[in-house]
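Hi,

Here is the structure I said I would pass on. Have a look first, and then read on for what turned up in it.

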Amino acid sequence: MTLARRWFFALALLALFAAPARADKELLLDSASPWQISRLRSVSGVTINPKLEAAEARQGVSRASQLRSILKAARGPVHIQVDPTLTRSREMVEQARWIKKLGDSLGKQVIVKIPVTEAGLSAIRTLAQEGVTTNATAVLSVGQAERAAL
(Lines give C-alpha, C1' and ligand atoms only; values in the text may rest on other atoms or scores of the structure.)
Protein backbone atom coordinates (compact mmCIF):
# COMPACT_ATOMS: atom_id res chain seq x y z
CA MET A 1 0.00 0.00 0.00
CA THR A 2 1.42 3.38 -0.99
CA LEU A 3 2.05 6.12 1.53
CA ALA A 4 -0.76 8.22 0.01
CA ARG A 5 -3.24 5.35 0.35
CA ARG A 6 -2.18 4.74 3.95
CA TRP A 7 -2.64 8.42 4.74
CA PHE A 8 -6.09 8.45 3.12
CA PHE A 9 -7.06 5.28 4.96
CA ALA A 10 -5.90 6.76 8.29
CA LEU A 11 -8.00 9.88 7.69
CA ALA A 12 -11.01 7.76 6.75
CA LEU A 13 -10.64 5.76 9.97
CA LEU A 14 -10.38 8.91 12.02
CA ALA A 15 -13.53 10.31 10.43
CA LEU A 16 -15.40 7.04 10.97
CA PHE A 17 -14.54 6.63 14.61
CA ALA A 18 -14.77 10.31 15.56
CA ALA A 19 -18.34 10.70 14.28
CA PRO A 20 -21.27 9.28 16.23
CA ALA A 21 -23.11 6.42 14.55
CA ARG A 22 -26.46 7.36 13.04
CA ALA A 23 -29.12 4.84 12.17
CA ASP A 24 -30.46 6.99 9.32
CA LYS A 25 -27.14 7.07 7.44
CA GLU A 26 -25.50 4.46 5.29
CA LEU A 27 -21.75 4.52 4.81
CA LEU A 28 -20.30 2.51 1.93
CA LEU A 29 -16.57 1.89 1.74
CA ASP A 30 -15.15 2.44 -1.75
CA SER A 31 -12.43 -0.22 -1.76
CA ALA A 32 -11.44 -3.53 -3.33
CA SER A 33 -8.98 -4.38 -0.56
CA PRO A 34 -10.18 -7.29 1.58
CA TRP A 35 -7.76 -6.11 4.27
CA GLN A 36 -9.37 -2.65 4.48
CA ILE A 37 -12.89 -4.04 4.15
CA SER A 38 -12.46 -6.53 7.00
CA ARG A 39 -11.15 -3.90 9.41
CA LEU A 40 -13.81 -1.22 9.05
CA ARG A 41 -16.70 -2.26 11.26
CA SER A 42 -18.75 0.93 11.02
CA VAL A 43 -19.45 0.74 7.28
CA SER A 44 -22.76 -0.66 6.14
CA GLY A 45 -21.49 -2.00 2.80
CA VAL A 46 -18.84 -1.86 0.11
CA THR A 47 -18.77 -0.48 -3.39
CA ILE A 48 -16.07 -1.39 -5.88
CA ASN A 49 -15.31 -0.61 -9.49
CA PRO A 50 -12.91 -2.03 -12.08
CA LYS A 51 -10.27 0.61 -11.35
CA LEU A 52 -10.20 -0.34 -7.67
CA GLU A 53 -10.16 -4.03 -8.60
CA ALA A 54 -7.19 -3.45 -10.91
CA ALA A 55 -5.29 -1.58 -8.20
CA GLU A 56 -5.69 -4.54 -5.83
CA ALA A 57 -5.22 -7.30 -8.44
CA ARG A 58 -2.48 -9.82 -7.84
CA GLN A 59 -0.63 -11.64 -10.60
CA GLY A 60 -2.25 -14.97 -11.44
CA VAL A 61 -5.40 -14.38 -9.34
CA SER A 62 -8.69 -14.62 -11.24
CA ARG A 63 -11.42 -12.01 -10.92
CA ALA A 64 -13.67 -14.65 -9.36
CA SER A 65 -11.10 -15.38 -6.65
CA GLN A 66 -10.53 -11.67 -6.04
CA LEU A 67 -14.28 -11.02 -5.74
CA ARG A 68 -14.71 -14.01 -3.40
CA SER A 69 -12.08 -12.50 -1.07
CA ILE A 70 -13.88 -9.15 -1.11
CA LEU A 71 -17.29 -10.75 -0.50
CA LYS A 72 -15.98 -12.84 2.40
CA ALA A 73 -14.46 -9.76 4.05
CA ALA A 74 -17.53 -7.54 3.63
CA ARG A 75 -20.36 -6.91 6.04
CA GLY A 76 -23.52 -5.80 4.35
CA PRO A 77 -24.23 -5.40 0.65
CA VAL A 78 -21.43 -5.29 -1.91
CA HIS A 79 -21.86 -3.20 -5.07
CA ILE A 80 -19.83 -4.79 -7.89
CA GLN A 81 -19.56 -3.25 -11.35
CA VAL A 82 -19.70 -5.15 -14.60
CA ASP A 83 -16.75 -4.74 -16.95
CA PRO A 84 -17.02 -1.19 -18.35
CA THR A 85 -15.63 -2.28 -21.71
CA LEU A 86 -18.75 -4.36 -22.42
CA THR A 87 -20.83 -2.69 -25.11
CA ARG A 88 -23.74 -5.09 -25.52
CA SER A 89 -26.67 -5.46 -23.19
CA ARG A 90 -26.56 -9.24 -23.45
CA GLU A 91 -22.91 -9.30 -22.29
CA MET A 92 -23.69 -7.02 -19.33
CA VAL A 93 -26.65 -9.18 -18.32
CA GLU A 94 -24.56 -12.37 -18.51
CA GLN A 95 -21.81 -10.87 -16.38
CA ALA A 96 -24.35 -9.42 -13.91
CA ARG A 97 -25.91 -12.87 -13.50
CA TRP A 98 -22.45 -14.33 -12.89
CA ILE A 99 -21.67 -11.66 -10.25
CA LYS A 100 -25.05 -12.26 -8.56
CA LYS A 101 -24.52 -16.02 -8.57
CA LEU A 102 -21.07 -15.58 -7.01
CA GLY A 103 -22.56 -13.48 -4.21
CA ASP A 104 -25.42 -15.91 -3.68
CA SER A 105 -22.98 -18.83 -3.38
CA LEU A 106 -21.38 -17.07 -0.38
CA GLY A 107 -24.65 -15.91 1.14
CA LYS A 108 -23.86 -12.26 0.41
CA GLN A 109 -26.12 -9.53 -0.89
CA VAL A 110 -24.70 -8.26 -4.19
CA ILE A 111 -25.88 -5.18 -6.02
CA VAL A 112 -24.67 -5.09 -9.61
CA LYS A 113 -23.41 -1.75 -10.87
CA ILE A 114 -24.29 -1.10 -14.51
CA PRO A 115 -23.02 1.95 -16.43
CA VAL A 116 -25.82 4.10 -17.81
CA THR A 117 -25.31 3.70 -21.55
CA GLU A 118 -27.92 2.59 -24.08
CA ALA A 119 -26.83 -1.02 -23.60
CA GLY A 120 -26.63 -0.52 -19.83
CA LEU A 121 -30.18 0.84 -19.62
CA SER A 122 -31.44 -2.20 -21.50
CA ALA A 123 -29.46 -4.48 -19.17
CA ILE A 124 -30.89 -2.72 -16.10
CA ARG A 125 -34.44 -3.32 -17.35
CA THR A 126 -33.75 -7.00 -18.10
CA LEU A 127 -32.10 -7.57 -14.72
CA ALA A 128 -34.93 -5.78 -12.89
CA GLN A 129 -37.42 -8.20 -14.49
CA GLU A 130 -35.27 -11.08 -13.18
CA GLY A 131 -35.18 -9.62 -9.67
CA VAL A 132 -31.49 -8.70 -9.76
CA THR A 133 -30.80 -5.54 -7.76
CA THR A 134 -28.84 -3.00 -9.77
CA ASN A 135 -27.07 0.28 -9.17
CA ALA A 136 -26.99 2.68 -12.13
CA THR A 137 -23.45 4.05 -12.27
CA ALA A 138 -21.51 6.49 -14.44
CA VAL A 139 -24.52 8.79 -14.60
CA LEU A 140 -23.34 12.02 -16.23
CA SER A 141 -26.58 13.95 -16.70
CA VAL A 142 -30.04 14.46 -15.28
CA GLY A 143 -31.48 12.87 -18.42
CA GLN A 144 -29.47 9.70 -17.87
CA ALA A 145 -30.60 9.57 -14.23
CA GLU A 146 -34.23 9.94 -15.23
CA ARG A 147 -33.95 7.20 -17.87
CA ALA A 148 -32.23 4.86 -15.38
CA ALA A 149 -35.02 5.39 -12.86
CA LEU A 150 -37.79 4.35 -15.26
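**What turned up**

Ile 80 counts as buried because its relative accessibility is 0%, and buried means under 20%. Bear in mind as you read that this is a predicted model. Ile 80 sits in strand β3, which covers residues 78-81. Setting aside its neighbours within four places in sequence, Ile 80 is in contact with Ile 48, Glu 53, Arg 63, Leu 67, Leu 71, Ile 99, Val 110, Ile 111, Val 112 and Lys 113. Asn 49 is 31 residues away along the chain, yet the C-alpha atoms of Ile 80 and Asn 49 are separated by 6.4 Å.

**The overall layout**

The protein chain has seven helices and five strands. Read from the N terminus, the order is α-β-α-β-α-α-β-α-β-α-β-α. Of its 150 residues, 36% count as buried. If you take the contacts between residues at least 6 apart in sequence, 54% of them join residues at least 24 apart.

In soluble globular proteins, nonpolar side chains tend to be buried together. Here, the largest nonpolar core has 29 residues, and Ile 80, Val 112 and Ile 114 are the ones with the most contacts inside it. At least two residues of this core come from each of β2 (45-48), α4 (63-73), β3, α5 (89-105), β4 and α6. The biggest share is from α5, which gives five residues.

Not counting residues up to four places away in sequence, Val 112 touches Ile 80, Val 82, Ala 96, Ile 99, Val 132, Thr 133, Thr 134 and Asn 135.

For α4, the buried residues are Ala 64, Gln 66, Leu 67, Ile 70, Leu 71 and Ala 73. Their cover includes α2 (34-39), β2, α3 (50-56), β3, α5 and β4. As a reminder for reading that list, an α-helix has 3.6 residues a turn, so residues three or four places apart point the same way.

Thr 47 lies in strand β2. Thr 47 counts as buried because its relative accessibility is 14%. Leaving out neighbours within four places in sequence, Thr 47 is in contact with Leu 28, Leu 29, Asp 30, Ser 31, Leu 52, His 79 and Lys 113.

Gln 95 belongs to helix α5. With a relative accessible area of 19%, Gln 95 is buried, since the cut-off is under 20%. Beyond residues up to four places away in sequence, Gln 95 touches Arg 63, Val 82, Asp 83 and Leu 86.

**Residues with more of themselves showing**

Ser 105 is also in helix α5. Its relative accessible area is 56%, so Ser 105 is exposed, the cut-off being over 50%. A polar atom of the Ser 105 side chain lies 2.7 Å from the backbone oxygen of Leu 102. Between Ser 105 and Arg 68 there are 37 residues of sequence separation and 9.6 Å in space, C-alpha to C-alpha.

Thr 117 is in the loop between β4 (110-115) and α6 (118-129). Its relative accessible area of 37% is why Thr 117 counts as partly exposed. The Thr 117 side chain has a polar atom 2.9 Å from the backbone nitrogen of Gly 120. The C-alpha atoms of Thr 117 and Arg 88 are separated by 9.8 Å, with the two residues 29 apart along the chain.

Most residues other than glycine have a negative phi. Ala 138 is not a glycine, but has a positive phi of about 60°. You will find Ala 138 in the loop between β5 (134-137) and α7 (142-149). Ala 138 is partly exposed because its relative accessible area is 42%.

**And a cavity**

How many cavities of 30 Å³ or more does the structure hold? There is one. The largest cavity has about 30 Å³ of space in it. Its lining is made up of Ile 37, Leu 40, Val 43, Val 46, Ala 73, Ala 74 and Arg 75. Sorted by type, that lining has six nonpolar residues, no polar ones and one charged.

Cheers

Note on methods: Residues numbered from 1 in each chain as written. Predicted model: local features only at pLDDT ≥ 70, side-chain atom pairs only at ≥ 80, totals over all residues. Heavy atoms only, no water. Helix = DSSP H or I, 4+ residues; strand = E, 2+ residues; numbered from the N terminus. Buried < 20%, exposed > 50% of the residue type's maximum accessible area, 1.4 Å probe, protein only. Polar contact = N/O pair within 3.5 Å; in protein donor to acceptor, adjacent residues only side chain to side chain. Contact = heavy atoms within 4.5 Å. 1 Å grid on protein atoms, 1.4 Å probe; cavity = no way out; pocket = protein on both sides within 12 Å on 5 of 7 lines; lining within 4 Å. Points joined across faces, edges and corners; volume = space filled by probe spheres on them. Nonpolar A, V, L, I, M, F, W, Y, C, P; charged D, E, K, R; others polar. Core = buried A, V, L, I, M, F, W, Y, C linked by side-chain atoms within 4.5 Å.
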